[in-house]
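Here's a quick look at one model, covering helix packing, a sulfur bridge and confidence. Have the coordinates open while you read.

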Amino acid sequence: MVRLSLLRLSAAACGLALLSTAQAGIASAQPDLSPAINTTCNYSQVVSALNAQSPVAAAELNGSPTAQAALRGFLDSTPDQRQQIVQELESKPEAQPYIQQFAGLVVQVANTCNNY
């Protein structure tokens, strides 16, 4: 049970870090995660967009089989499942700094992954 929760948290964090958007200028506000929830991008598109926009972040993803699996799991989920994962992540205070930290990058990836 704990392992499943950690995997879901990891999947959510990875998915959100690569796909979500945030409202600029409001540090305490929850990001608008609808692009992550409703994305039609597949894993290859997301990785291609990430490689183009942040080679450093792409290298980190490529170096972590766990993060790759988490991202695949997030993208393979239905929008309803993604919404549930997002809500679970948003309820965890320890996840908030990561959501805010990656907002700029994830906006770029979410807005461009369909071009790859």
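At what angle do helix α5 and helix α6 pack? The angle between α5 (residues 65–76) and α6 (residues 79–90) is about 125 degrees, and their axes sit 8 Å apart. Axes here are lines fitted to C-alpha atoms, for helices over the stretch in contact, with angles running from 0 to 180 degrees between N-to-C directions. That makes α5 oblique to α6 (under 35 degrees is roughly parallel, over 145 roughly antiparallel, 65 to 115 roughly perpendicular, the rest oblique). In the contact (heavy atoms within 4.5 Å), F74, L75 and D76 of α5 meet R82, I85 and V86 of α6.

This is a predicted model, where local features need pLDDT of at least 70 and side-chain atom pairs count only at pLDDT 80 or more, while totals for chains, interfaces and linings use all residues. Numbering starts from 1 along each chain as its sequence is written, and side-chain values use heavy atoms, leaving out hydrogens and water.

Now the sulfur bridge: C41 and C113 form a disulfide (cysteine sulfur atoms within 2.5 Å), with the sulfurs 1.9 Å apart. The S-S torsion of C41 and C113 is about 85 degrees, so the disulfide is right-handed.

As for confidence, pLDDT is the predictor's confidence in each residue, from 0 to 100. The chain's mean is 77, and 72% of its residues reach 70 or more.

How values were computed: Helices (H or I, at least four residues) and strands (E, at least two) are DSSP runs, numbered from the N terminus.
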